[in-house]
Amino acid sequence: MKAPRIPMEELMGSGHLACQGCGATQAMRFALKALGPKTALTIPACCWAVIDGSFPHSCIELPIFHTAFETAAVVAAGIKVGLEMRGDSETTVMAWAGDGGTYDIGLQALSGVAERNDDIIYVCYDNEAYMNTGIQRSSSTPVGAWTTTTPVDNYKKEPKKNMIDIMAAHSIPYIATCSVAWPEDVIAKFRKAKEIKGTRYIHIFTPCPTGWKFAPELSIQMARRAVTSHVFPVLEITEHGQKIEVWKDFEPTSVRDYFKPQGRFKHLTDEEIEGLERDVEQKWRRLLAKEKMMASIPGME
Amino acid sequence: MKKVIMGNHAVSYGVRASEVKVISAYPITPQTHVVELLSEMCANGEIDAKFIKVESEHSAMAACVGASAAGSRAFTATSAQGLLLMHEMLHWAVGARLPIVLANINRAVGPPWSIWTDQNDSLSQRDVGWLQIYCESNQETQDTVPQAFKIAEELQMPVMLVMDAFFLSHTYEIVDMIEKEQVREFLPPYKPDIKIDTADQHSFGNLAGPDHYMELRYMIQKAMDRGLDVIKRVDSEFEEMFGRGYGLIEPYRCDDAETILVTSGTVASTTRVVIDELRDEGVRVGSLKIRVFRPFPIEDVFEVLSKAKKVAVIDRNISFGAHGIFYQEIKSALYGRTDIPIIGYIAGLGGRDITPKVIREIADKAIGDEQPERYINWIGVKI
Ligand SMILES: Cc1ncc(C[n+]2csc(CCOP(=O)(O)OP(=O)(O)O)c2C)c(N)n1
Ligand SMILES: [Mg+2]
């Protein structure tokens with residue numbers, strides 16, 4: 001990862017309403033540093049609908065249109081076209097939604113936008129559950145995790161949905177994942193996305209101390225270990241879904257170390273953790289194989 | 001220039017003349033012609049608008065919400081299930097004070113599947129805060145589109161234009177076409193003061209505590225209150241330029257009428273035929289068409305109806321467990337100010353034809369019966 005110059009300018013103020021150690025708040029700060037002042041946002045129901053602040057305050061010095069839970073993508077598309085039709089084709093329009101608003105209730109509208117290749121940046125900040133409503137499962141919640149709707153006696157048995165593959169299947173020009181543990185990477189990816197036309201999908205891993213039950217000061221450590229344990233691969237997909245580049249330039253760490261500080265995995269037995277470790281590793285190998293295979297297709301070398 | 005066009009196309013031509021900038025819609029019978037013609041107009045450059053071809057009506061309204069918030073004039077059209085799917089975003093358009101115009105072709109709601117007309121789709125959206133204007137002819141439909149935008153933009157409120165499926169949407173009538181060059185004088189380009197703009201940042205619709213929410217709702221009601229005058233004024237401005245006006249309501253031979261039939265949509269035209277027939281027989285009857293349903297023109301309605309001895313309301317809709325919906329509105333408009341009997345008739349649900357014979361039956365019942373069932377009389381039910 002190359003280190004870009006990080007702008008001093010802050011478009012997000014300190015008067016926000018997030019919990020201590022909120023990864024989603026960091027993510028917004030970095031994203032706005034990259035995108036700059038010619039940016040308009042739409043935010044659906046999610047923690048960020050609250051984090052922004054309560055009327056008449058807002059912690060963001062940009063236009064923000066708050067919208068209904070499942071509509072971020074298409075409202076952003078509407079804003080973009082609305083701006084264009086009144087002569088502003090310069091403003092970058094970004095939809096900023098949680099995993100619930102992306103994987104679940106907002107998937108249909110997002111699919112529509114991606115299929116039409118509407119000219120927006122769509123961001124999924126992934127805290128792996130419905131946090132705003134008090135930690136209920138989403139289809140992004142990882143297998144094994146506790147949430148209020150997947151109690152310890154019946155913790156989540158289904159694997160996290162593969163949102164990245166779903167987006168890649170739409171052949172959009174740019175897909176990236178990143179983690180708040182690497183601000184330079186987050187900023188570089190948003191800068192890159194800003195220069196591309198069409199639907200750009202950025203997926204940021206944003207730990208949630210409140211929902212995952214770990215100490216707020218460990219937020220960045222969780223964001224780092226998720227990546228180094230191969231739980232959350234950092235990658236880019238370009239060439240309209242044809243080219244995958246997975247970031248591998250780090251010292252691997254164990255899934256167990258990633259799980260340990262998190263209360264949501266506390267109930268898991270050693271054997272269960274081992275099973276999950278095997279799953280993670282298998283998925284990682286598949287991803288690397290896919291990266292290689294895609295690169296070997298004639299015309300893609 | 002006069003042309004023979006179908007009701008749905010009257011909407012499309014109204015949209016063309018109104019220089020709409022963003023259209024977003026999803027197809028549903030019987031609305032499809034509206035958006036097919038508009039897609040064609042967008043493709044061939046007849047209108048300088050972008051058409052966002054969304055994957056659902058929920059998204060159609062959401063796209064209009066985004067476009068309108070960004071400061072562009074936005075339009076959509078739908079029907080029945082589509083309107084119901086939009087419900088959440090209909091509220092959003094009101095709360096965000098966005099002057100979107102929607103044409104709803106009144107279609108019965110399933111199950112069972114029905115594509116034919118009744119008013120339960122639009123009337124079940126009564127309380128979302130959209131203005132609602134019920135049209136009776138293709139001419140009125142076309143003319144109401146620019147009127148709707150003008151009203152919407154002045155009040156910063158969305159407006160729903162409503163018309164009957166098939167009886168209007170698919171019926172060909174002569175329409176005096178309006179063109180954008182003339183309409184521009186009547187309806188100048190949309191230039192809102194507050195919009196999504198990086199040079200003038202606002203956070204729209206963020207969390208509002210109990211200290212603020214109620215005031216915002218109060219302001220919506222104030223806009224509705226102002227709406228009646230604005231609609232009247234806009235209508236007379238239109239009439240001055242184009243020679244056609246439609247009013248909030250339309251009384252017909254009501255001056256000395258003992259019995260007045262209250263109608264809406266295409267039933268109003270059929271009713272006038274029956275009124276003439278009855279008048280020829282020496283019966284003192286009249287009819288009152290309700291054109292503007294939200295805001296409800298209480299005073300205008302009262303003025304006409306309070307002179308009658310009996311009022312009969314024909315409802316092509318039903319609020320289950322209560323009465324016909326127009327009936328309820330009329331009753332509440334007259335409540336405590338007169339004790340004339342108001343009788344409710346439910347007819348024509350799911351597109352069953354409301355013929356002159358049906359209206360005659362209603363009129364005869366209303367006039368002749370000394371003690372009619374006040375609230376709800378079903379017409380033509382075969383059970
Ligand atoms: C249609 C609708 N259903 C349910 C809700 C309630 N709701 C608000 S936010 C939310 C969960 C959001 O989860 P996610 O998108 O993951 O964002 P997070 O809160 O985790 O940041 C839910 C269920 C809503 N606002 N709208
Ligand atoms: Mg979440």
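Across the interface of chain B and chain A, the rule picks out 21 residue pairs in polar contact, both partners at pLDDT 80 or more; the model is a predicted one. On the chain B side, the elements that put two or more residues against chain A are β3 (50-52), α3 (57-69), α4 (80-95) and β9 (203-204). Of these, α3(B) has the largest share, with 8 residues. The side chains of B:Lys50 and A:Glu84 meet in a salt bridge, with N to O at 3.1 Å.

As for the extent of the contact, 40 residues come from chain B and 40 residues from chain A. Together the two chains bury about 3,000 Å², and carbon and sulfur atoms account for 64% of that. B:Ile196, B:Thr198 and B:Leu207 are the chain B residues that lose the most area to chain A, together 20% of what that side buries.

Now to the nonpolar packing. The largest nonpolar core runs to 210 residues, and A:Trp48, A:Trp96, A:Phe190, B:Phe75 and B:Ile330 have the most contacts inside it. Its top contributor is helix α3 (residues 72-85) of chain A, which gives 10 residues. In chain B, domain 1 (2-242) and domain 2 (249-378) each supply at least three residues to this core. A second, separate core has 18 residues, including B:Leu261, B:Val285, B:Ala312 and B:Ile362.

Over all chains, the whole structure holds 48 salt bridges. One of them joins A:Lys189 to A:Asp185, with the closest N and O atoms 2.9 Å apart. Both residues sit in helix α7 (residues 183-194) of chain A, 4 residues apart, or about one turn of the helix. A:Lys189 and A:Asp185 are both buried.

In chain B, the side chains of B:Arg272 and B:Glu250 form a salt bridge at 3.5 Å, N to O. B:Arg272 belongs to helix α9 (residues 267-280) and B:Glu250 to strand β10 (residues 249-252), so the pair ties together parts 22 residues apart in sequence. B:Arg272 is buried, at 16% relative accessible area, while B:Glu250 counts as partly exposed at 27%. B:Arg360 also makes a salt bridge, to B:Glu277, with the closest N and O atoms 3.4 Å apart. That pair links distant parts of the chain, helix α12 (residues 356-368) and helix α9, across 83 residues. B:Glu277 is partly exposed, with a relative accessible area of 34%. Shared partners join B:Glu136, B:Glu140, B:Glu250, B:Arg272, B:Lys289 and B:Arg291 into one salt-bridge network.

Notes: Residues numbered from 1 in each chain as written. Chains lettered and ligands numbered in written order. Predicted model: local features only at pLDDT ≥ 70, side-chain atom pairs only at ≥ 80, totals over all residues. Heavy atoms only, no water. Core = buried A, V, L, I, M, F, W, Y, C linked by side-chain atoms within 4.5 Å. Buried < 20%, exposed > 50% of the residue type's maximum accessible area, 1.4 Å probe, protein only. Domains from an automatic or database assignment. Contact = heavy atoms within 4.5 Å. Buried area = accessible area lost by both parts, 1.4 Å probe. Salt bridge = Lys/Arg side-chain N within 4 Å of Asp/Glu carboxyl O. Polar contact = N/O pair within 3.5 Å; in protein donor to acceptor, adjacent residues only side chain to side chain.
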